[in-house]
Amino acid sequence: MQFVVSKASTANQADGNGVVWCYEVGQDAAIDEREKEDLSPFNIPKIRVFIPPHVNPRITAQQGLFTVHPLKGSEASEPLERQSRSRLSLIKVLIHNDHKPVLRQQLSELGVNAASIFPDLDGLSSHLQWVESVWSYGDGYSG
């Protein structure tokens with residue numbers, strides 16, 4: 001959610017509405033430890049979900065997971081939002097641009113901010129710049 005309410009990454013990008021895509025993963029979509037050794041990403045027949053080892057502080061902090069898609073030529077190679085029969089149920093949640101500042105503040109109060117998602121100097125710097133910008137507008141900061 002933090003990614004959705006953050007500002008645009010470049011000056012020429014519009015900072016419009018945000019979108020959160022939510023997946024409801026079926027039990028047979030997750031790649032378990034037993035399959036990991038024998039399964040190749042080049043010959044999977046359907047979309048699967050892979051939870052990576054936490055070898056990087058960012059992956060650990062973000063609690064990330066990845067989808068693995070079949071090669072082109074199958075229905076499963078289409079974008080998820082265009083698929084009619086996916087093992088992953090896809091829900092689109094629109095975040096209106098006007099709501100982003102309040103949501104960003106609330107997320108930060110809950111400990112979800114650039115410093116917690118990117119646990120390195122860049123993340124800390126980004127978060128401190130944001131805190132300073134909130135204070136400079138006189139809105140105060142509570143998170």
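Two residues are in contact when heavy atoms lie within 4.5 Å. This criterion was applied to a predicted model.

From α4 come Arg-104, Gln-105 and Ser-108. From α6 come His-127, Trp-130 and Val-134. The residues of this contact comprise two nonpolar, three polar and one charged.

Two packed helices are described by the angle between their axes and the distance between the axes. Helix α4 spans residues 100–109, and helix α6 spans residues 121–136. Their axes lie 13 Å apart and form an angle of about 120 degrees. The α4 helix is therefore oblique to α6. The crossing of the two helices is left-handed.

Burial was examined next for α4. Its buried residues are Lys-100, Arg-104, Gln-105, Leu-107 and Ser-108. They sit on the same side of α4, because they cover an arc of only 165 degrees around the axis. An α-helix has 3.6 residues a turn, so residues three or four places apart point the same way. Arg-104, Gln-105 and Ser-108 are buried, and these residues also take part in the contact with α6. Just after α4, Gly-111 adopts a positive phi of about 90 degrees.

A separate pairing involves strand β1. This strand covers residues 18–25 and includes Val-19. Val-19 and Leu-94 are 75 residues apart in sequence. In space, their C-alpha atoms are 4.7 Å apart. Val-19 has a relative accessible area of 30%, so Val-19 is partly exposed. That class lies between the cut-offs of 20% for buried and 50% for exposed.

Definitions and conventions. Residues numbered from 1 in each chain as written. Predicted model: local features only at pLDDT ≥ 70, side-chain atom pairs only at ≥ 80, totals over all residues. Heavy atoms only, no water. Axes fitted to C-alpha atoms, helices over the stretch in contact; angles between N-to-C directions. Helix = DSSP H or I, 4+ residues; strand = E, 2+ residues; numbered from the N terminus. Parallel < 35°, antiparallel > 145°, perpendicular 65-115°, else oblique. Left-handed = near helix turned anticlockwise from the far one by under 90°. Nonpolar A, V, L, I, M, F, W, Y, C, P; charged D, E, K, R; others polar. Buried < 20%, exposed > 50% of the residue type's maximum accessible area, 1.4 Å probe, protein only. Arc of directions from axis to C-beta.
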